[in-house]
Amino acid sequence: MRDQSGRIVQWYGLCHDIDDQVHAEEAVRRSQQQLQQIIDAVPVRIWSVEPTGGSFYFNKRYQDHFRSLIANFDALGEPRIDDLLQQLIHPEDAPDIQRTLRNCFETGSGSAMRFRWREQDDVYRWAECRVEPRRDDDGTVVQWYGVSLDIDDEVRALEALRERERELSQLVDMVPVQIRRLTPEGEPVFFNKRLIDFFGLDVGDMDRPGMSRLASVIHTLVHPDDASRLLETVHRSLASGDPFSIKYRMRRVDGAYRWVDGRAEPLRDQSGAIMQWYVISVDIDDEMRAQEALRDRERELSQLVDMVPSLLWRLNSEGTPTFFNQRLIDFLGLDIADMEKPGVSRLAALIEAAVHPDDAASLAEALNHSLVTGEGFSKQYRLRRADGVYRWVKGSAEPLRDENGRIVQWYGLSHDIDDQLRVEEALRESERSLWQIVETLPAMIDCAAPDGEPVYRNPQLRDFLGYKLEELDGTGKSRLAGTLDAGVHPDEVAGVKEKYAHSLATGEPYARRHRLRRFDGEYRWVETRAAPMRNAEGEIIQWNVICLDIDGEVRAQDELRLAQEGLARASQAASLAELSASIAHEVNQPLAAVVANSHACQRWLTAEPPNMERAQKTVERIIRDANSAAEVVSRIRALFKQSADRRIQTTISGIIDEARSLMTDEAWRRRVRIGVDVDGNLPLIAIDRIQIQQVLINLIRNGMEAMDAVADDRMIEIRARHMGNAVQTEISDRGQGIEFPEKMFEPFFTTKENGMGMGLAICRSIVELHGGRLWAEKNNPHGATLIFTLPIETKAAS
Amino acid sequence: MTADDHIVFIVDDDGRIREALGELLESHGMRTIAFESACDYVRADKPDLPACLILDIELPDINGLELQRQIADRDHPPIVFITGHGDIPSSVRAIKHGAVDFLTKPFSDADLMAAVHAAIAEDRTKRSERAELDMLKRHYLDLTPREREVLPLVVSGLLNKQAAAELGISEVTLQIHRRNVMQKMAAASLADLVRIAERLEIPITHSRRVGGN
């Protein structure tokens, strides 16, 4: 111990047990050392600094770090923090760190910061630095401590995680699937981008008051037809926890509904509780439409098969029926199943049930042949309809082969041709019958080309002509000209040709009577008629000609025609003989009654006693019948009287022409020629043309009858000439001549078997009524001439 | 007044003629029935009496001559033809086929009545002949077969002996048959029987000379 001057005054010693202390110190030292070792050994970088920012402490790891990066680090002395920051921190992070640190120091608050620091080889690694101040009891900051941790791996892991999450999110958005997430209660909480794009709406955009989001989403975006079904399905899954899968239509942003296939799966936690529902939907609209189209097509095909108006069937390769279309089922009234019979093949059962017994064997044979050989099947047979009626069908079948050429199926068709067959049969029948008609008609038939060339002749015509059509060829003449020249009577061939030419030129029907040479050389009267057959355009495609042998009829018909004409022109053509016979009869009948009654009357009067009553009655009848006879006479007189009023000025030549044409048929029948020689310019005369015509007809007929016994050269010549003040007409014949030229005009004189002997008498009275004369002269060498005159100035002889 | 034992049929299409003829014949006390056409006549029920048919040639349906031809093979009354205009061939034909007369209208009372009376008389004769023949036929039918064999032999003039030999029977038996035949045929004598056989047209099969062997 020292005094004030500092001298040692004393020494005081003290031995202090410092063992504990030494131990403690040692422990502290050791602890400090350990601490120092810890500080240096922990894999963190630790630093501290005084509040003034003075001296820095860096732990060993820090210093090693600096040394590895900064050249001559130990020589640099006290490093400056800003320099360190600049050299060691990533330039992008440095300013932030600087600012943060300054801020810490200024405010005295700790901080944490992340940055990239440089490592060896200029690699930057993420680090985290935390700064905290140590304060004394006053709260004054006495020291700043910092620790820097390498967190590069964590940061990178986090970044990778983030990246993955982003990728996942992108994935969720990018996968071509619409995804949403629902809460366990079913509320949609997430739509992926595709879904949003599809709807044009995000989740929550459709929220409606008073309605769950699920319901409002479904009502807004799902097709009304599918909405309730979907909602129901979702609710069921929510309740049961089972996944669901359903197809429905969702409304796209453009308003179009598209089919989607929706599927949902729950996500459960470890305890099995549902955490989320994941729902995806895939747009399957195109597939649905394709499928629908396919279904439509299939349905159409099926309809086609059923509706096609034919009976379709299919056999398998063994010939067992495997398919009938609806029409066939309806037709047969049987389906394939109906053919199951024990012990009999289905095909055999079908044939037995449905095929006409007469056709069954041949059909089975034909089918078997096809089944064995693979040749197509085709056959006509009768199929029994459900009502029991057998109808003809035409069946045909073709095999379907696989790529190896093996027959897989037979496709067959049976077409109902019953009506067609009947029509064909009827047509054939009709054609055959028409043909038979043409071939057997008792008429000669000929068909000619539009130019008139004959192309067909029926047997009757061939037989008549006696030669075949072909025989006309090669003569240099056309067939038509050949036929006409060879066949038609020379007197008529020119007229016939002319008329044919006219018809061929104009298309007018042809009709003419002429004589045609038969194979035996005899000319027979025929009537030929031809008419054109035209096509739809009106062009003549054929002339159809019918030719009737009327030779037999001509004569018979002449009689008939004469009778008819006689009736039609009674006043003109009626023969005077007929007239007088009729008059005689008319008068004779009442006369006969009068005579008989007179005798009776006489008897009654002479009876004993006289029967006056009956006599009276008979007298009355006598008066009546006598009057009736008188009436006849006065009627005849009236006829002549009337006639006088009908006289007209005319020429005799016209009347001769008329009389001649009226007598033509009779002349032809009697093979008499009529020659006419009439002067031209004959004067007009006043005559009753009908009466004079009758005179002429009567005289001509007398002449013709007079020649009945003459073998040939039958000829009537009529001459008319002007003689003085009269016109004289002569009718001469070449008959037997006359014995009594004057007596023949007396009434009832006749040389004829059937004559009344009135004709010439009446003729004479007619001519004399006209003021003319009628007489007869003998001809040389034979025959007679009847001559009458008619005065030009007619003075009616009263 | 009129007689009931004969009748006259009139066929004429002219009512006046029918009337006048009826009157005339009635004035002669004759019954008449008139017909308008041949058909009416053919179809009518006519009394079965000796009769005369006055027939007009010109009838509307069948010509009188044609009617004559049609009824020729039946028993019919003799015909008197009347005609409006008689022609020779027709009259010849009519008479040839058995007409009593052919009168042309108008005809006289005397001609007509002569013809009608002749016709009725002819018919009466024909009828009695027919009746007699009918009776003979009935008699003949009464004969036994053997008697019918005997009859021709007897009327042929065979002796009983010859006839019996012909039939291979005894002469006595033959005589019995012959007597029966004479009785049944009501023949007064052999000559009578021969006449009856002629009427019945029983052929004479044997001659006595030839068959007398």
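Predicted model: local features only at pLDDT ≥ 70, side-chain atom pairs only at ≥ 80, totals over all residues.
The secondary structure of chain A comprises 23 helices and 27 strands. Of the 798 residues in chain A, 24% are buried. Among the contacts of chain A between residues at least 6 apart in sequence, 47% link residues at least 24 apart. Chain B contains 10 helices and 5 strands, and buried residues account for 34% of its 213 residues. In chain B, residues 24 or more positions apart make up 65% of the contacts with a separation of 6 or more.

The largest nonpolar core consists of 46 residues. Within this core, Val8(B), Phe9(B), Ile54(B) and Val80(B) have the most contacts. Both chains take part: at least two core residues each come from helix 19 (576–606) of chain A and from several elements of chain B. The chain B strands concerned are strand 1 (7–11), strand 3 (51–56) and strand 4 (79–83). The chain B helices concerned are helix 1 (15–27), helix 2 (38–43), helix 3 (64–71) and helix 5 (109–142). Helix 19 of chain A makes the greatest contribution to the core, with 8 residues. Beyond its neighbours within four places in sequence, Val80(B) contacts Cys52(B) and Ile54(B), together with Ala99(B), Val100(B), Asp101(B) and Leu103(B). The contacts of Val80(B) also include Ala115(B), Val116(B) and Ala119(B). Another core, of 39 residues, lies apart from the largest one and includes Ile655(A), Ala659(A), Ile685(A) and Ala784(A). In soluble globular proteins, nonpolar side chains tend to be buried together.

Contact between the chains involves 15 residues of chain B and 19 residues of chain A. On the chain B side, helix 1 provides the largest share, 8 residues. By class, the chain B residues that touch chain A comprise 5 nonpolar, 4 polar and 6 charged.

In chain A, an open sheet of 5 strands has antiparallel pairing and the order 7-6-10-9-8. Strand 7 (188–191) and strand 8 (244–251) of chain A are the edge strands; each has a single partner strand, so one side of each lacks a neighbour in the sheet. From one strand to the next, the twist averages 30°. Strand 6 (residues 178–182) and strand 10 (residues 274–283) of chain A run antiparallel and are joined by 5 bridges. Arg180(A) has Val279(A) in strand 10 of chain A as its bridge partner. Helix 8 (residues 224–240) of chain A packs on the sheet, where it touches strand 8 and strand 9 (257–268) of chain A. The direction of helix 8 makes about 145° with that of strand 8 of chain A.

Elsewhere in chain A, helix 22 (residues 689–706) packs with helix 23 (residues 759–769) at an angle of about 145°, their axes being 10 Å apart. The crossing of helix 22 and helix 23 of chain A is left-handed. Helix 22 of chain A meets helix 23 through Gln691(A), Val695(A), Asn698(A), Leu699(A) and Asn702(A).

Key:
Residues numbered from 1 in each chain as written. Chains lettered and ligands numbered in written order. Core = buried A, V, L, I, M, F, W, Y, C linked by C-beta atoms within 7 Å. Buried ≥ 20, exposed ≤ 12 C-beta atoms within 10 Å, placed from the backbone. Helix = DSSP H or I, 4+ residues; strand = E, 2+ residues; numbered from the N terminus. Contact = placed C-beta atoms within 7 Å. Axes fitted to C-alpha atoms, helices over the stretch in contact; angles between N-to-C directions. Left-handed = near helix turned anticlockwise from the far one by under 90°. Nonpolar A, V, L, I, M, F, W, Y, C, P; charged D, E, K, R; others polar. Pairing = 2+ DSSP bridges.
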